[in-house]
Amino acid sequence: MNQKAVSYGLLVARVVLGIIMLAHGIQKWMGIEGVVGMFEDMIGLPGFLAYVTAAVELVGGLALIIGFKVRIASILIGIIMIGAIVTVKIPMVGFFGNGQMAGWEYDLSLLALAVLLSLSGSHLFSVDGRKSSETQV
């Protein structure tokens, strides 16, 4: 197996997932009151979980982009994706969506990226990779 190609593939996965999660986190924060209402009224979850979700998406996405604590950020994002699939997507829109909201196939692909990164990490062009190479010198 070409380790260099794998490292670049993981870099692409890390940055793409990071950008997607950062964008969704920013979107949630910009309309956080509506998100809180959705969590409480539509999903039946406590409103504070909207803040937790938005924070994980925002901070976790940024952490993935810069390569900081990739495995931890990926695990947290994976938990958010499982929650989204189970509480919103499966009961409300199904696999392919309903014309107003995407189905859970999209969330499943984000979950797969999160699982990949939580198992493998990604150190190429990352803060964590830089730290580990500095300690080896």
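Q: Which residues does Gly25 touch, not counting residues up to four places away in sequence?
A: The model is predicted: local features need pLDDT of at least 70, side-chain atom pairs count only at pLDDT 80 or more, and totals for chains, interfaces and linings use all residues. Residues are numbered from 1 along each chain as its sequence is written, and side-chain values use heavy atoms, with hydrogens and water left out. A contact means heavy atoms within 4.5 Å. With residues up to four places away in sequence set aside, Gly25 touches Ala54, Glu57 and Leu58.

Q: Is Gly25 buried or exposed?
A: Gly25 is found in helix 1. Buried means under 20% relative accessible area, exposed over 50% and partly exposed in between, with a 1.4 Å probe and protein chains only. Because its relative accessible area is 0%, Gly25 is buried.

Q: How many residues apart in sequence are Gly25 and Ala55?
A: In space, Gly25 and Ala55 are 6.6 Å apart, C-alpha to C-alpha. Their separation in sequence is 30 residues.

Q: How many helices are there in the chain?
A: Helices (H or I, at least four residues) and strands (E, at least two) are DSSP runs, numbered from the N terminus. Read along the sequence, the pattern is α-α-α-α-α-α. The chain has 0 strands, and its helices number 6.

Q: Which helix gives the most to the lining of the largest pocket?
A: A pocket is an open set of points on a 1 Å grid over the protein atoms alone, where a 1.4 Å probe fits, with protein on both sides within 12 Å along at least five of seven lines; lining residues have an atom within 4 Å of a point. The largest pocket is lined by 28 residues, of which Lys28, Met38, Thr53, Glu57 and Ala84 lie nearest its centre. The elements that give two or more residues to this lining are helix 1 (3-30), helix 2 (32-43), helix 3 (48-66), helix 4 (70-92) and helix 5 (104-120). With 8 residues, the one that gives the most is helix 4.

Q: Where does Met92 lie, and which residues does Met92 touch, not counting residues up to four places away in sequence?
A: Met92 lies in helix 4. Met92 counts as partly exposed because its relative accessibility is 32%. Leaving out residues up to four places away in sequence, Met92 touches Met42, Ile43, Thr87 and Asn98.
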